[in-house]
Amino acid sequence: MSMAEEQICKTFERVIVKEEKAKVKGKSWASKGLLLKVLAFLSPSLILVLWEVLAGLGVIDVRLFSSPSKIFSALIPMLYSGELLYHTMVSTRRIVLGFLAGAAPGVILGLSMGLFPPVRASLMPMVAATFPIPKLAVMPLILIIFGLGETSKIFTIAIGVFYLVLINTMAGVLNIDEIYLDVAKNFGASRFQFYTTVALPGALPMIFAGFKLGMGTALLLIVAAELSAAKAGVGWMVWRAYDMFDIEKMFVALITMAFLGYVFSCMLDLIERIVIPWKSGKG
Amino acid sequence: MEERKGLKDIYPTEAILTENLTKVFKVRGGNIVALEDVNISVKDGEFLCIVGPSGCGKTTFLRILAGLEKQTSGRVYMRSKDPEKPLTSMVFQGDSVFPWMTVAENVAYGLRIKGVPPKDRREAAARYLKLMGLSKFADAYPYQLSGGMKQRINVARAFVSDPEILLMDEPFGALDEQNRLILQQELLKIWEGSGKTSLFITHSIDEALILGDRVMVMTAHPGKIKAIVDVDIERPREILSLRSSPGFAALYREIWHLLQEEVEKAKAKELAI
């Protein structure tokens with residue numbers, strides 16, 4: 001084959017290959033949605049099956065990693081006895097109260113810091129200095145101040161939520177496009193009208209981003225808060241199971257926490273969709 | 001900023017009068033003279049178009065009239081015939097439609113600020129939405145609309161608040177030719193019905209001649225008035241026949257020559273820097 005012929009052949013091959021690829025692509029388009037759904041269901045199921053099989057074969061040490069069937073059989077009686085529900089409710093109450101106690105002042109302070117430069121100038125150094133302190137490090141101090149009761153646990157969560165909501169809310173106000181401020185000014189909006197028609201709605205997407213981050217932190221902190229001086233809660237269950245070396249119970253608690261996190265994030269998504277109907281589906 | 005009294009006694013037919021209006025922006029490494037000694041009088045009910053090279057202070061001029069910026073020196077007189085009405089409404093360059101309000105809420109924003117009850121607001125908005133061909137989208141949110149539709153909302157929002165003076169900063173600048181033509185026609189229709197004093201910035205000579213009673217040509221760095229060209233084309237205007245008339249072509253050429261010099265000067269200066 002001459003050089004020229006070879007070149008032609010190569011080009012030809014490339015063309016054919018491209019056509020085939022296009023065909024495959026075209027085919028998969030129709031069933032892509034279904035395929036993705038099947039995959040999303042199949043891959044976790046596969047891991048569970050693999051876990052069970054390997055545990056049965058003794059490849060995985062069941063004393064440390066348990067197995068899906070063992071966890072399930074530990075879960076059922078806890079569900080029936082109401083034990084699981086009780087601990088879940090105790091933790092949910094702490095999370096919700098802590099979240100509200102942190103988010104409400106976070107939004108109010110964040111809005112005022114975003115809107116008023118003097119407030120921002122006077123509070124920002126404090127916020128910047130205390131924000132990096134890990135909230136877990138403050139817990140002993142909180143325990144000393146608020147005692148061993150509910151308040152200290154709620155307060156720990158509130159502090160973690162507060163900072164994230166505060167900083168996001170402030171950033172939300174500061175990032176509102178200047179052209180919207182000009183429009184309000186040009187129409188002669190009063191200060192109060194400016195807050196209600198531009199500042200607050202304009203900052204809402206960022207405020208909700210702060211809520212979501214805060215909820216993640218709340219779930220993190222509940223475990224720490226229930227480590228000491230607690231008698232109930234999902235976080236307490238983890239530590240209790242650790243003391244008793246009850247791996248199944250520990251997994252049940254972990255699963256419950258994953259479930260709690262999922263429910264809370266769904267709820268926030270739902271509220272966001274109601275409060276911010278103007279946000280496009282993509283963003 | 002503006003002084004409402006006095007103008008009527010000196011110039012009975014003027015709506016806006018500027019006296020040596022100058023605006024200097026302080027920037028690092030010196031001053032930028034955005035406007036220098038701008039003297040113009042705009043008659044009540046006149047449509048004045050402003051053209052000029054980029055960065056010649058057109059927008060600054062409008063922002064001063066709108067009360068969004070303060071001049072460095074000079075004076076602005078603006079006449080208010082009806083203290084109940086807002087003095088100015090501005091149509092901003094670029095997307096200024098509030099994403100968090102529906103189309104109807106956006107259009108009625110000026111009325112909401114004035115405290116007009118919701119029912120009347122909705123009626124007023126509906127009237128202008130119909131004029132703009134947006135009735136179907138009254139309850140849609142801006143993210144569902146195209147750029148051309150958003151620009152119509154901008155224009156409608158300014159009209160609904162029923163100001164004494166309309167200030168428009170390249171409202172159709174970002175649109176494609178067809179949309180621009182349609183909106184020009186709609187603007188003419190609305191404006192000819194309302195007879196509001198209007199100032200309109202544009203990059204397009206075509207647009208300036210289609211809409212304006214006069215065209216103010218500006219120079220860049222510093223922003224000064226180079227010439228004011230009268231557009232003696234009778235109203236009501238019809239865009240297509242207007243464009244093919246001989247008078248239009250002559251005016252187009254006149255303004256183009258004025259602008260060409262300025263654009264070239266601005267370019268030479270940019271290169272020198």
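This is a predicted model: local features need pLDDT of at least 70, side-chain atom pairs count only at pLDDT 80 or more; totals for chains, interfaces and linings use all residues.
Helix α10 of chain B, which spans residues 246–272, lies across β3, β8 and β9 of chain B and runs at about 170° to β9(B).

The strands β3, β8 and β9 of chain B belong to an open sheet of six strands, in which the order is β5-β6-β7-β3-β8-β9 and the pairing is mixed. The edges of this sheet are formed by β5 (88–91) and β9 (224–230) of chain B, each of which pairs on one side only. On average, and with direction ignored, neighbouring strands of the sheet are turned by 20° against each other. In general, the strands of a sheet pair through backbone hydrogen bonds, and this pairing may be either parallel or antiparallel.

Strand β3(B) is mostly covered, since five of its five residues are buried. The side chains are divided between two directions, with Phe47(B), Cys49(B) and Val51(B) pointing one way from the strand and Leu48(B) and Ile50(B) pointing the other way, and all of these residues are buried.

A further open sheet in chain B consists of three strands in the order β2-β1-β4, with antiparallel pairing. Its edges are β2 (30–43) and β4 (73–78) of chain B, and because each has a single partner strand, one side of each is left without a neighbour in the sheet. The twist from one strand to the next averages 20°. Strand β1 of chain B (residues 14–27) is joined to β4(B) by five bridges, and the two strands run antiparallel; among the residues paired in this way, Thr18(B) has Val76(B) of β4(B) as its bridge partner.

Taken as a whole, chain B has ten helices and nine strands. Its C-alpha atoms fill a box of roughly 55 × 45 × 40 Å along the principal axes. For a chain of 273 residues, a compact globule would have a radius of gyration near 19 Å, and the value of 19 Å for chain B agrees with this. Buried residues make up 43% of the 273 residues in the chain. Of the contacts in chain B with a separation of 6 or more, 73% are accounted for by residues 24 or more positions apart.

The two chains touch each other through a contact that takes 15 residues from chain A and 17 residues from chain B. On the side of chain A that touches chain B, the elements that give two or more residues are α8 (178–186) and α9 (191–225) of chain A, and the largest share, six residues, comes from α8(A). The residues of this side of chain A divide into eight nonpolar, five polar and two charged.

In soluble globular proteins, nonpolar side chains tend to be buried together. The largest nonpolar core of the model has 122 residues, of which Ile157(A) and Val107(B) touch the most other members, and the largest share of this core, 14 residues, comes from α9(A). When its neighbours within four places in sequence are left aside, Ile157(A) is in contact with residues that include Ile95(A), Phe99(A), Ala218(A), Leu221(A) and Ile222(A).

Helix α10 of chain A (residues 234–244) contains the buried residues Val234(A), Gly235(A), Trp236(A), Met237(A) and Val238(A). The buried residues of α10(A) pack against α4 (83–115), α9 and α11 (247–275) of chain A. Just after α10(A), Phe245(A) takes a positive phi of about 50°.

Notes: Residues are numbered from 1 along each chain as its sequence is written. Chains are lettered from A and ligands numbered from 1 in the order in which they are written. Helices (H or I, at least four residues) and strands (E, at least two) are DSSP runs, numbered from the N terminus. The radius of gyration is taken over C-alpha atoms; the globule rule is 2.2 Å times the number of residues to the power 0.38. A residue is buried if 20 or more other C-beta atoms lie within 10 Å of its own, exposed if 12 or fewer, and partly exposed in between; C-beta atoms are placed from the backbone. Two residues are in contact if their C-beta atoms, placed from the backbone, lie within 7 Å. Ala, Val, Leu, Ile, Met, Phe, Trp, Tyr, Cys and Pro count as nonpolar, Asp, Glu, Lys and Arg as charged, and the others, Gly among them, as polar. Two strands pair if DSSP finds at least two bridges between them. Axes are lines fitted to C-alpha atoms, for helices over the stretch in contact, and angles run from 0 to 180 degrees between N-to-C directions. A nonpolar core is a set of buried Ala, Val, Leu, Ile, Met, Phe, Trp, Tyr and Cys residues joined through C-beta atoms within 7 Å.
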